Amino acid sequence: MKKLLIHILITVGLFFVIDRATGLLLKHLYNQSNATSEYKIGYANAETTEDILLFGSSRCLHHIIPSVFEEAYGMTCFNAADWGIKNIYYHYGLLGNILSRYTPKVIIFEIHPCDYLDTPYSGRERAGSLAPFCGMSKECDEMLKKSGNYWPYKFSTVYRYTGSLPALLFGRWGSMDRRLKGWKPLDGQLDTTGLKAEEFPFPVHQEKLLLLEQFIQICQAKGIRLCLIVSPMYICTEQDVFKVPRNLANQYNISFFDYFHDPQFVGHAELFYDYGHLNRKGATIFSKKICNDLKDFLKPSFP
Amino acid sequence: MVVNSLAFLWFFLFVMVVYYLCQTKKVAQNVFLLGCSYWFYSQVDIWMAGLLVVMTIVFWLLGKGIYHYMEQEDERKASLLTTIGVIIGIGALFYFKYLNFFADSVATFATFLGFHMSWTTLHLVVPIGLSFFTFKLMSYVLDIHHGKVLPDNGLNGFICFANYIAFFPTILSGPIDRPKPFLTQANVARLFNPDQLMTGFRRVLWGMFLKMCIADRLDIYISAIWNNYEHHSAISILFASLLYPLQLYADFGGYSEMAIGVALMLGFKVAENFKRPFFVLDIASYWSRWHMSLTSWLTDYVFLPLNIKYRDWGIYGTIFAIMLNMTFIGLWHGANWTFLLFGIYHGLWYIPLMVSGSFLKKRKIKVNAYGWPKQQYVWKMIGIYFIISFGLMLFHSATIGEFWHICERMTTHWQGGLFTDMSTMVNAAICLIALIYVDIQEEWFPKFQLPLPQKFNHWRWELTVSVEIVAILLFGVFDNNQFIYFQF
């Protein structure tokens, strides 16, 4: 028995050393990576110092060009959005991690139905992307607990990077251009054959809604100017999909900019890459438009 | 609750502690083990645990009856009871697994001949592990009849037998153990043995690595192609088909390793199931290394009796026996024409071996001066791998139609490149290299060990275990707990 206990103790010790050492190496590779998710998540959570931060899903990632804001207002800006239908579980944890380092002046949140609806394709598991930052902030840990993996992440540093070794090994040659400050342009034009408007026949998800409210409350408590915006789609449902965030914006007296049905974009295939994402040309026009429309909102934050 | 889950870990830790606390009391240890096995099985389906109890009691009584008549030298009654046992076993399999398939096929055939016949499909839930535990039950009565096993009449004898049938590490997916070795071990108290515990734990970890890092990783890629084959090029389908034998090996081999490891930690040595099955020169050798416990079961209870019965037919008798045996192997996997053809396909590959007289000859892979297999043998092994891969395309297809469409697409759609999912492919490739390394080392360099600095040499077990856990955490897929062989 004594012999076995010694074996177990040595194994636990060795595991701890190997796990932590490998974890450090993986963290280094993660920070060096230019692959879209690793770079976006890594920089947004651990390195941002910008005045304006853009939050949202892949639509924000592809639609809003930070340099347009920087040139117009002389403020630094970073697009912190990521693809993979990230939702409020991720955004809430991300906000916590950012606030544990500094307080940005402005947050522009490009809202997506997955941030408040009970969709089958974007739930609590999306918080898993915060795994490398386990322990960084209370909010981040809270979201990791909801994703069900907090204790495994605490137990093993390596597990935080599970399955991502290839992306980390080849991450240096990833497709993100760091000069674009988080924006990822899409080149190409939409093929409109057989397109139908996307419907969202899902009920409101009470936990997501509560987190969205808490997100707003934290921003207001920290003196961050927050606005919600909705990007255009090539083809839109008649359903009032954004009623919930609009009501929330009214309730908390924050700005809400809705471009979902904007005729400047809707039906203009030349501005879209696919039915939900603007291409480079569309993104440039859209960014300039919102930059101009947000002038009054941003004014109090001007340097 | 599957072996590679957190729930199983807690369950097993509890079992281990109590199990070894009563190590000096054999009966208490067996009763506790039986309770745990039934609790484990009832987690899958409590009603099916009832069926297991009934089948166990029936076969126990049959075993006693057979032995009683054997002692009285009443061979006729002993044979009758043995036949009843086999009929009950096959009947249970037939009812739960094959009735719908058989009735549907008869109805379709009758309609084809112009008769009107219809069959309303029965919604039967196949008890998980049925194919495994019915084979164990049948081998018990057959072995008593053949004088290989002596039934123990006491309460402990019944508990040992019930443990043999319901033993939780192996009930869901094998290996299909034989009664004698298991009952002999169950009849003595299993004492706490740290060395056995450590060896068992390593086998569990290796099984987890195979399952979670290779099988489940490959599954992501292969399923993406196989489930949407109509959108994929011939090259992608071919590549996925060539990867599938490795996925199946890692999946079932992984499960077997975990089962054997857990059993070993409880003091039981159960049957081995895989022995580097792709390092072979013919199909016969492949089946002597793939799902060995099933193959040896069917060899002993189906092939050999048939071969003896038809020995007057000469080589044709052997061919008939092997074709029937392989058809059973195919159908054992499920009630589907694809499995039937899978069995026949493998049976056909035996014919050249029998005609050339090399069926029972051991064909050894010759090695060069460095201990590696010679080039011509490597080519032969690759050739056999292709044959196996083609057979497993049948195994993998849901219907004959699907198999046909896939083959058709593989011959016509050569335009379009290889479907790449770089992350999955690189993760799987790294782990496959580890598997191939270990298999090559065990096959041709069994004495070789990775050199370690002198002071770390006596920490080899600890280092291996730590690295394996880290590898599982880094490369594993943690949201797929389904084993392919659970459906059989």
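# Exercises on a predicted two-chain model

13 residues of domain 1 of chain B touch 15 residues of domain 2 of chain B, where contact means that the C-beta atoms, placed from the backbone, lie within 7 Å. The model is predicted: local features need pLDDT of at least 70, side-chain atom pairs count only at pLDDT 80 or more, and totals for chains, interfaces and linings use all residues. Residues are numbered from 1 along each chain as its sequence is written, while chains are lettered from A and ligands numbered from 1 in the order in which they are written.

**Exercise 1.** Determine which elements supply the side of domain 1 of chain B that touches domain 2 of chain B.

*Solution.* Chain B is divided into domain 1 (15-192) and domain 2 (196-281 + 365-475); these bounds come from an automatic or database domain assignment. Over C-alpha atoms, the centres of the two domains of chain B are 31 Å apart. On the domain 1 side, α1 (6-21), α7 (168-171) and α8 (179-186) of chain B give two or more residues. Helices (H or I, at least four residues) and strands (E, at least two) are DSSP runs, numbered from the N terminus. By class, this side of domain 1 of chain B has six nonpolar, four polar and three charged residues. Here Ala, Val, Leu, Ile, Met, Phe, Trp, Tyr, Cys and Pro count as nonpolar, Asp, Glu, Lys and Arg as charged, and the others, Gly among them, as polar.

**Exercise 2.** Describe the open sheet of chain A and identify its edge strands.

*Solution.* Five strands of chain A, paired in parallel, follow the order β2-β1-β3-β4-β5; pairing requires at least two DSSP bridges between two strands. At the edges stand β2 (77-79) and β5 (255-258) of chain A, each with a single partner strand, so one side of each lacks a neighbour in the sheet. Four bridges join β4 (residues 225-230) of chain A to β5(A). A:I229 lies opposite A:F257 in β5(A).

Methods
Two residues are in contact if their C-beta atoms, placed from the backbone, lie within 7 Å.
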